[in-house]
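Please keep the sequence and the model in view while reading.

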Amino acid sequence: MSRLPHVCGLCLLLRIWQLLALAPFRFGGRVGARCQRWVTLSAALRCLLLTSVAPVILWKSAAMYEATNVRHSAVFKAIAMATMTGDVCISLALQGAQLWHRKELAELVNSLARLHRSRRLSWWSTLFLWLKLLFSLYELLCNVPFLEGAGARLPWHQLLAYGVQLYVQHVTSVYANGLFGGMLLILECYNQLEQGDPALERLLHSERCWLKVVQRFVKVFQLGIFLLVFGSFVNILANMYAFMSYFVAQHGVPLTISNNCMILAVQLYALILAAHLCQVRSGQLRKSCLQLEYVPEGLTPEKAMTSTPFPLVSPTGSVEFSILGLFTLDNSFWLFLVSYAMNFIVIILQFGLKNMKHA
């Protein structure tokens with residue numbers, strides 16, 4: 001895919017996807033991505049194995065809270081177990097969805113690879129991609145203090161269950177990084193085309209090709225994006241409640257909870273912002289085509305001189321990250337999530353103040 005895989009990061013993401021069974025196909029050579037039976041069988045067996053051991057992992061992980069010195073309330077433990085169960089279920093659902101759509105995913109990867117050979121990521125896009133990857137690594141390293149503090153008191157089977165749980169939960173972060181990298185590549189194509197020769201025929205041809213790629217991208221990943229956005233937002237709300245509960249009970253600031261909430265919010269906003277910028281650049285490209293005096297097919301000079309109205313239509317398609325027909329990834333959706341979270345904080349504070357007055 002790239003002559004500089006150590007700089008770009010997209011090839012590294014693809015290899016990690018293959019390692020975590022998010023890309024159940026082979027990739028290499030001139031053929032590109034292609035499905036093979038043994039790769040599909042291996043990914044299916046791994047998904048079935050993780051699904052079968054998931055209840056045991058959650059059961060063993062629930063006992064880890066007893067090994068810590070902090071006395072958590074019953075509500076706090078219930079929320080922690082609910083979010084943990086949701087993370088595991090979403091990760092398994094993402095793996096199953098990728099396995100189900102493996103043929104469409106292979107075709108999409110081949111299309112993105114062709115784009116990548118002609119339109120490489122700029123240094124700014126590469127920098128943002130690597131920052132996103134390092135942010136996910138930081139999220140994984142945030143579990144080290146817990147292992148250092150409570151690892152000596154945990155038996156080996158609980159440590160093993162905790163390791164498998166981290167592996168399953170990290171699948172979601174790697175999946176989000178792959179989506180972010182694909183959106184950066186599409187955004188880079190729009191940016192480079194705007195800076196090039198503004199030939200109308202070239203603009204129309206390129207935009208039609210990229211529109212097909214974006215539509216295929218949304219079609220393949222819309223279920224995964226829905227699960228990712230829903231799970232991340234619910235986790236943010238749960239961490240906000242845990243933060244408030246800890247602050248009221250212990251009169252301190254829990255750094256682990258605040259870091260986790262910040263990481264989830266930044267990763268979610270990065271995904272929404274990338275999708276929003278792709279739609280903005282697509283709109284600017286449509287405007288550029290109209291400014292170049294685009295003449296619709298069938299409009300002859302005689303028809304143009306008459307008073308017969310001719311509908312003015314956009315010469316290119318409209319890029320829209322519509323997810324299952326429920327919402328669109330743009331800034332307005334992000335503002336909706338922020339306003340909902342603020343209302344949630346106000347409700348928590350109201351109940352907290354009432355409980356303190358009764359106490």
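## Basis of the report

Phenylalanine 336 is partly exposed, with a relative accessible area of 48%; the term covers values between buried, which is under 20%, and exposed, which is over 50% (1.4 Å probe, protein chains only). The model is a predicted one, in which local features need pLDDT of at least 70 and side-chain atom pairs count only at pLDDT 80 or more, while totals for chains, interfaces and linings use all residues. Residues are numbered from 1 along each chain as its sequence is written, and side-chain values use heavy atoms, with hydrogens and water left out.

## Aromatic pairs

A pair of aromatic rings is described by the distance of the centres and the angle of the planes. Rings of Phe, Tyr and Trp (its six-membered ring) pair if their centres lie within 6.5 Å; planes under 30 degrees apart count as stacked, over 60 as edge-to-face and the rest as tilted. The structure holds 14 aromatic pairs. One of them joins phenylalanine 135 to tyrosine 138; this pair is tilted, with 6.4 Å centre to centre and 40 degrees between the planes. Both residues lie in helix H6 (residues 123-141), 3 residues apart, about one turn of the helix. Helices (H or I, at least four residues) and strands (E, at least two) are DSSP runs, numbered from the N terminus. Tyrosine 138 is partly exposed, at 37% relative accessible area.

Phenylalanine 336 and tyrosine 340 form a tilted pair, with 6.4 Å between the centres and 45 degrees between the planes. Both belong to helix H12 (residues 331-358), where they are 4 residues apart, about one turn of the helix. Tyrosine 340 is partly exposed, with a relative accessibility of 45%. An α-helix has 3.6 residues a turn, so residues three or four places apart point the same way. Ring pairs also link Phe226, Phe230, Phe233, Phe327, Phe333, Phe336 and Tyr340 into a cluster.

Helix H6 gives the most to the nonpolar patch, with 8 residues, and leucine 141 lies in H6.

In helix H2 (residues 10-19), the buried residues are Leu10, Cys11, Leu13, Leu14 and Trp17. They lie on the same side of H2, because they cover an arc of only 160 degrees around the axis; the arc is that of the directions from the helix axis to the C-beta atoms. Just after H2, alanine 21 takes a positive phi of about 65 degrees.

Leucine 324 has a phi near 55 degrees, a positive value in a residue other than glycine. Leucine 324 is placed in the loop between strand S3 (322-323) and strand S4 (327-328), and is partly exposed at 39% relative accessible area.

Valine 319, in the loop between helix H11 (301-305) and S3, is buried at 5% relative accessibility. Its C-alpha atom is separated by 7.6 Å from that of glutamine 215, although valine 319 and glutamine 215 are 104 residues apart along the chain.
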